[in-house]
Amino acid sequence: MKKLIVFVMALTTLFGGIAQPKKIDTKHSDIKQKVKEYAEFKLTSDLVKTLSDNERELVRTFIEIGQVMDDIYWDEYFGNENRAKLREIKDPALRAFAEIHYGAWDRLDSERPFLPGYKERPAGCNFYPVDMTKKEFDELKDPLKESQYSVIRRDAKGKLYVLPYHKAYAKELEHVDMLLEKAIGLAENEGLKKYLEARREAFRTDDYFESDMIWMDMKDSRLDFVVGPIENYDDGINGLKCSHEAFVLIKDEKWSSDLSKFAALLPEMQKLLPCEDKYKKEVPGTDCDINVYDVVYYAGDCNAGSKTIAINLPNDERVQLKKGSRRLQLKNAMQAKFDNIMVPIAKLMVSEKQVDKVTFNAFFGNTCYHEVAHGLGIKNTITGRGPCRQALGSLYSAWEEAKADVCGLFLTEQLIEKGYITNSTIEENYVTFIAGILRSVRFGATEAHGVANIMCYNFFKEHGAFSRDKEGKYLINVENARKAAREWASLIIKIEGDGDMKAAKAYSDKNGKISPELQKDLDAIRDANIPRDIIYNQGAEVLGL
């Protein structure tokens with residue numbers, strides 16, 4: 001999924017605490033301009049009007065739970081003590097920018113510190129003590145230290161110990177338990193009720209497998225609630241610890257119906273992947289769905305910095321191999337980004353000969369099949385190195401996002417050729433994809449999606465996928481881009497399938513950097529005052545609840 005932070009540079013300073021400070025520019029005018037780089041969007045949906053009284057009350061309850069997830073995430077990423085200090089900031093723009101990023105580091109500018117007194121972001125956020133050494137971690141005997149759902153702390157004598165989430169956040173989760181009890185009583189859809197009951201138990205035990213399996217079967221509920229510790233982008237030490245978040249969703253049944261037929265095609269899509277057969281022997285589950293939602297509330301990890309516009313879950317490979325995954329397309333959030341960011345970038349950067357090829361349908365399709373592609377390829381290495389996620393460690397997220405990008409593009413092309421997709425053309429999808437890279441690389445070189453897009457940009461450039469017209473704007477060579485997509489997909493799947501961390505690091509170190517030429521384009525986009533991302537005006541009151 002989502003946006004979010006992978007501390008690739010932490011590989012050189014694993015477990016090493018906080019690096020030396022950089023110069024921080026906190027001039028009021030500079031920070032005020034940075035806040036303006038986020039277009040405010042009223043997060044609502046016409047679908048709210050179609051909800052029953054019970055469903056409306058459920059949405060209110062889900063939002064309350066989301067607010068608790070938000071509080072937990074603040075502590076995981078920034079620490080509650082640091083959060084409390086934000087109240088002392090007198091500059092409203094500086095305080096607003098800190099709230100956008102849930103801390104002191106600009107997620108869309110290589111995590112540069114912008115608050116006075118803060119150095120570079122600790123590689124392990126607040127999941128680990130910032131002064132923990134690798135030796136200390138290795139010598140810690142508790143097997144829960146490598147759990148996705150635990151934090152590492154020091155006792156009064158300075159000795160490391162492990163706290164599972166249900167103990168570390170016992171007070172907050174007690175409130176969640178009470179709210180989930182209320183939600184279970186309100187839920188009329190049996191699938192939703194069963195999922196909420198299982199999720200309630202998962203919060204108590206830190207075992208999310210059963211609730212993930214039940215969520216996979218929740219096919220016909222108009223409401224959905226993605227909640228809990230889910231993504232591990234923030235853990236730059238081990239790539240393990242999951243951050244808390246929540247999405248409150250209402251299904252768009254008309255758009256969902258149009259996409260539902262694609263779930264059965266996943267095994268065929270797997271066979272089409274442009275890689276050696278040995279890397280595509282795993283058969284993805286077809287008991288999954290591809291549905292369209294309006295999102296009406298974000299909380300925690302998914303609300304920090306760049307906003308997620310699609311979801312592919314669960315992340316648990318055991319669930320994916322048994323049942324596949326669910327792909328949730330957030331249509332109103334996509335439309336907000338397309339209108340406020342993609343269209344202005346296209347007008348500025350894409351040749352007049354092709355600017356009309358940047359379309360919402362292509363943007364929607366590329367995003368949709370990015371999520372589909374997360375479930376394809378290979379989950380376990382063919383070299384005996386275990387799951388790909390484990391073998392590539394903290395590099396995995398960036399490579400997995402790169403795989404989803406290019407394989408999603410390839411699959412969209414195949415579905416257009418086979419007549420399954422009729423509302424966009426191959427040219428529109430490739431032109432929109434490359435314009436979209438210019439949007440995504442602005443996330444920075446320490447964010448998984450940003451690193452993935454920088455590597456993709458450099459690969460496509462090297463293979464002649466685009467050139468410049470006489471005005472210096474991008475002109476996409478569709479045939480070269482199609483060839484590049486195949487070669488790039490093959491390379492990524494090989495690295496994942498081999499679990500080759502050495503090759504992955506060498507490649508990303510060389511090709512995961514913004515070139516001077518690309519930086520010039522990004523500067524032009526910035527100077528044109530095109531938003532980097534969006535922020536939401538959201539909540540029960542905004543929804544009229």
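Mentor: Happy to. One term before we start: a residue is called buried when its relative accessible area is under 20%, exposed when it is over 50%, and partly exposed in between. Please also keep in mind that this is a predicted model.

Let's begin with the pocket itself. The largest pocket holds about 930 Å³ of space. Its lining is made up of 44 residues, and those nearest the centre are Gln148, Asn232, Gly239, Leu240 and Arg389. By class, 22 of the lining residues are nonpolar, 10 are polar and 12 are charged. Several elements supply at least two lining residues each: helices H5 (134-139), H8 (190-205), H9 (209-216), H12 (317-323) and H15 (388-392), together with strand S6 (223-231). Strand S6 gives the most, with 5 residues.

Now pick out helix H12, where you will find Glu317. Glu317 has a relative accessible area of 16%, below the 20% cut-off, so it counts as buried. Setting aside neighbours within four places in sequence, Glu317 is in contact with Lys379 and Arg389.

Lys379 takes us on to another lysine. Lys403 belongs to helix H16 (residues 396-417), and Lys403 is buried because its relative accessible area is 1%, under the 20% limit. If residues up to four places away in sequence are not counted, Lys403 touches Ala373, His374, Leu376, Lys379, Gly408, Ile492, Ile493 and Glu496. Lys379 is therefore a contact of both Glu317 and Lys403.

Back to helix H9, one of the elements that supply the lining. The loop between H9 and S6 is the place of Asp217. With a relative accessibility of 40%, Asp217 lies between the 20% and 50% limits, so it is partly exposed. From Asp217 to Ser397 there are 180 residues in sequence and 26 Å in space, C-alpha to C-alpha. Look at Trp215 as well: the charged end of Arg326 sits over its ring, 4.2 Å from the ring centre.

Across the whole structure, a search finds 31 aromatic pairs. One of them joins Phe203 and Tyr208, an edge-to-face pair with 6.0 Å from centre to centre and 85 degrees between the planes. Both Phe203 and Tyr208 are buried.

For another example, take Tyr457 and Tyr474. Their ring centres are 6.4 Å apart and their planes meet at 70 degrees, so this pair is edge-to-face too, as the angle is over 60 degrees. The pair links distant parts of the chain, with Tyr457 in helix H18 (residues 448-462) and Tyr474 in strand S12 (residues 474-476), 17 residues apart. Tyr457 is buried, with a relative accessible area of 1%, and Tyr474 is buried with a value of 1%.

How values were computed:
Residues numbered from 1 in each chain as written. Predicted model: local features only at pLDDT ≥ 70, side-chain atom pairs only at ≥ 80, totals over all residues. Heavy atoms only, no water. 1 Å grid on protein atoms, 1.4 Å probe; cavity = no way out; pocket = protein on both sides within 12 Å on 5 of 7 lines; lining within 4 Å. Points joined across faces, edges and corners; volume = space filled by probe spheres on them. Helix = DSSP H or I, 4+ residues; strand = E, 2+ residues; numbered from the N terminus. Nonpolar A, V, L, I, M, F, W, Y, C, P; charged D, E, K, R; others polar. Phe/Tyr/Trp six-rings, centres within 6.5 Å; stacked < 30°, edge-to-face > 60°. Buried < 20%, exposed > 50% of the residue type's maximum accessible area, 1.4 Å probe, protein only. Lys NZ or Arg CZ within 6 Å of the ring centre and 35° of its normal. Contact = heavy atoms within 4.5 Å.
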